[in-house]
Structures are given as C-alpha cells and as structure tokens.
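This report describes how the parts of one protein model meet and what surrounds its ligand. The sequence and structure are shown first.

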Amino acid sequence: MNKKYLTEIFTGIRPTGGLTVANYLGAVRPIVELQKKFTPLVFVADIHGLTDKEPKEVGQYVEGVVADYLALGLNPSKTNIYLQSAVAGEVSFLTLILSRLTTVSELLRVPTLKDKLKNKDNPEVANALLFFYPVLMAADILLNKAERVPVGEDQLAHLEITRRLAEKFNKKYGDIFPLPQTQEMKALRVLSLKGEGKMSKSIPAGAIFLTDDLKTIEKKIKSAETAFEGEMTPKLKSHILITKELATEKEDLKKVDDLIKEHEAGKAVLGEFKKVMSKVVIEFIDNFQKKRLEIVKDKDYVRSILEKGNKIAKENATKTINDVLKTMDFYR
Ligand code: ATP
Ligand code: MG
C-alpha cells in the first residue's frame, strides 16, 4: 500500500476579510519563510468557514484572501493554493470515515471546542460542524498526506488528534497514512496599540489593518499607548517589535535602537520613536497595497492560481480515497 508523503508542508488560510499587521507577522510571514526550504500546499478553508457563515459570505473573501497572501510574498511558482471545496466530496467522505475512529466524548473533550462552548457558543445553538472541526482538519491533512504542518500553540491539540486518527486507521485497516509532524514556527505575538491584550481584527481600534489608509495608520500610531520615560512595558516592546520586523532599511533599525536607549536613560523621545514606527509601517503597507492592486488588476490571475492548485489537490485526494476504499475493503 502507498504510504508516501504527498505534500511537504501543508497549511490552511481562513477566508475572512481584513488582515492586520499582527496576522502578517504571526501567521503569513512564517509561511512565506517556509517557501525558502519547502514546497508548501496551502488551502483556502471555505468549508471550515461554514461553521458560522453562509457559502456566499465565505465565497466573497476567497479571491481577496489569496490576493492578500500573494501580495505578502507567497510565491505561486513555489507554493500551490487550492480551494477546500474543490475536493468537497473527498474531504467530506474522509471526515465521515475518520469520525468512526473517535468517540463523541473524545470530541467533546477537545480543548478548543470546550473553550468555544463556554465563551461564545453554547451546545444548544452551536451547529455540529463546530464539533466536527478537528476531524475535518484531520481529513484535510491526511487527504494530502502532509509531512509537516506549521501550527500555532492553539492548534497543537488538533494535530495530535490527526495523528491519533491516522494511527488508528493504519492499525485497523492497513498502513496507508504517513504521520504528519509539527513544523515549529517562530511565532511572534503582537499586542494591541491600545490597552491590554493582543492585536485582534475584532478590536479594530487597537489594530493596524493592511487596508488602512496612510492617514489612519499615522493617527493610530500617534495615539498608541507606550510607557513613561525610562520604563519598558509590554506594549512598548510590541511597538518596537512591529517596527523592527517591518523595517527594510538599516538606518531605521539603528534609529530605533538609539531612541530606545535614550528612552531607557530617561529622555522623552517616544514621540520621535512613533515617527519612525509610522514611517516603517506606512512604507510596508503602501508597498503591500500597490502589489495587491497589481495582482487584482488581472481578473483571471488569482483564479488561474487556484485552478492549478485545485488540480494538485484533486490528484492527491483521488489517490488517497482510492487507498482508503481499497484498504477498508469497500465493495466496488
Ligand atoms: P479575531 O479577532 O477575529 O480572532 P485575529 O486577528 O485574532 O482575529 P485570527 O483569524 O484569529 O486573527 O488568526 C489568524 C492568524 O493570525 C492565526 O494564525 C493567529 O495565530 C495569528 N494572530 C492573530 N493575532 C495575532 C497577534 N496579535 N500576534 C501574532 N499573531 C496573531
Ligand atoms: Mg483570533
């Protein structure tokens, strides 16, 4: 039986609008970095989006989110991108098959589900797709026989479930699924410009969006909370991180280092620091917006990239489902 990896690096992107600089630094850039070493396969998770949205709503973001990723550095000659629903039949079937290998109580114990049911949704109103999320994710990964999956801390448990399901299948029916490994990522955590907590798109006042106009960015940074002279706070640290990670010119990096030294010595220079931060962030976002405009100019471009990726995903899915049917002794 065929137990070879089909995919080097595998990850998904959510078709929701409006990325922030935190999403870029924490989620997009790590994937862009991985292109240097591997050939990634990335999918736009439109079926996952159905947990809380209608297909039409999810669909309107699909091409936009691909354009965002391309403008942020995903290289379509290195990375293939497909739409999850291009293999709707295969991924749904594998989800059902894998569901038989876990129990209702095991799924109820999944930490992310427990959190969601406690905080936002409740079991009386949450639809059961939320419950199946980890199994659907396992099906995405196993359908493509992925070798490495870059995951943040919150996803580690899900990848563990994927491995457990693969092992159970292999033991019960035949050894067809190579086990996916966790790909470590240099995870940056960016804080909100205001108050406590992390930068989140659902709290727009403290977030810098990649779609913000340059005046808005300037205003947001001007009113960002920092620290008293001589003091270092998590917020200021996060502003420094944003600036240093987005800076492309050595001169700006040096300016930041010098200003922070002066600040730590008790001088009132954070206004000056904010000017450098504004310049760097504006340059980054301006550059992104120009590239994105270029990408969406050609109406068929993003579509053609998805079509190429869909073909690869379909090939992988067909092979894997054939393995599954044969190994399980389906009547054919
Ligand atoms: P929401 O407010 O809707 O939860 P969000 O900004 O937190 O939006 P998500 O869609 O939840 O974004 O997450 C997308 C990706 O961005 C995830 O991989 C997540 O780890 C990463 N990410 C989100 N917020 C930050 C942050 N403040 N710093 C670094 N990475 C982040
Ligand atoms: Mg979030």
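## Salt bridges and polar contacts

Two salt bridges are found across the interface of domain 1 and domain 2 in this predicted model, a salt bridge being a side-chain nitrogen of Lys or Arg within 4 Å of a carboxyl oxygen of Asp or Glu. Glu245 and Arg29 form a salt bridge through their side chains, with 2.5 Å from N to O.

Five residue pairs, both at pLDDT 80 or more, are in polar contact between domain 1 and domain 2. A polar contact is a pair of N or O atoms within 3.5 Å; within protein, one atom must be able to donate a hydrogen and the other to accept it, and residues adjacent in sequence count only if both atoms are side-chain atoms.

Domain 1 covers 7-188 + 299-327 and domain 2 covers 204-293 of the protein chain, with bounds from an automatic or database domain assignment. Their centres, taken over C-alpha atoms, are 33 Å apart. Domain 1 brings 14 residues to the contact and domain 2 brings 13 residues, where contact means heavy atoms within 4.5 Å.

About 1,200 Å² is buried between domain 1 and domain 2, and carbon and sulfur atoms give 73% of this area. Buried area is the accessible area (1.4 Å probe) that two parts lose on being put together, summed over both. Of the area that domain 1 buries against domain 2, 39% comes from Val21, Leu25 and Ala71, more than from any other three residues.

Ligand 1 has 13 residues around it (a heavy atom within 4 Å). Those that come nearest are Leu188, Val190, Lys198, Lys201 and Ser202.

An oxygen atom of ligand 1 lies 2.4 Å from an N or O atom in the Ser202 side chain. A nitrogen atom of ligand 1 is 3.0 Å from a polar backbone atom of Met199.

## Basis of the values

Residues are numbered from 1 along each chain as its sequence is written, while chains are lettered from A and ligands numbered from 1 in the order in which they are written. In this predicted model local features need pLDDT of at least 70, side-chain atom pairs count only at pLDDT 80 or more, and totals for chains, interfaces and linings use all residues, with side-chain values using heavy atoms and leaving out hydrogens and water.
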